[in-house]
Amino acid sequence: MGLGGCIILIAVGAILTFATDWDMQGVNLDLVGVILMIVGLIGVTTFSSIARRRRVMVPPASTTVVETERRPHGDGYSDGYGV
């Protein structure tokens, strides 16, 4: 069950607990709603802890250093140094 299913359980449980006034013989809908909300909360916490463990820390990519050889043009002072 994913995060969406857990949120749906919490919503259905809240609806059964707080928004209905149905009476069914042998079934306490308030208790069923509370149970669904608790199961949904347990699912959300479990899902978030599993998702946190799945995150993989990727080391930064190593940069490649390319050294170029300087060749002086003309008298060797054309690059601005030593003028």
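Predicted model: local features only at pLDDT ≥ 70, side-chain atom pairs only at ≥ 80, totals over all residues.
Visitor: What makes up the secondary structure of the protein chain?

Guide: The protein chain has 2 helices and 0 strands. Helix α1 covers residues 3-19, and C6 has its place in that helix.

Visitor: Why is C6 called buried?

Guide: Its relative accessible area is 1%, and the word buried applies under 20%. The value for C6 falls under that cut-off, so C6 counts as buried.

Visitor: I7 lies in helix α1 too. Why is I7 called partly exposed?

Guide: Happy to go through that one. I7 has a relative accessible area of 47%. Buried would need a value under 20% and exposed one over 50%. As 47% lies in between, I7 is therefore partly exposed.

Visitor: How far apart are C6 and T45?

Guide: Along the chain they are 39 residues apart, while their C-alpha atoms are separated by 9.6 Å.

Visitor: And what can you say about the protein chain as a whole?

Guide: Of its 83 residues, 12% are buried. The accessible surface comes to about 7,400 Å², with 63% of that belonging to carbon and sulfur atoms. Among contacts between residues at least 6 apart in sequence, 49% join residues at least 24 apart.

Notes
Residues numbered from 1 in each chain as written. Heavy atoms only, no water. Helix = DSSP H or I, 4+ residues; strand = E, 2+ residues; numbered from the N terminus. Buried < 20%, exposed > 50% of the residue type's maximum accessible area, 1.4 Å probe, protein only. Contact = heavy atoms within 4.5 Å. Areas by Shrake-Rupley, 256 points an atom, 1.4 Å probe, with all protein chains shown as cover.
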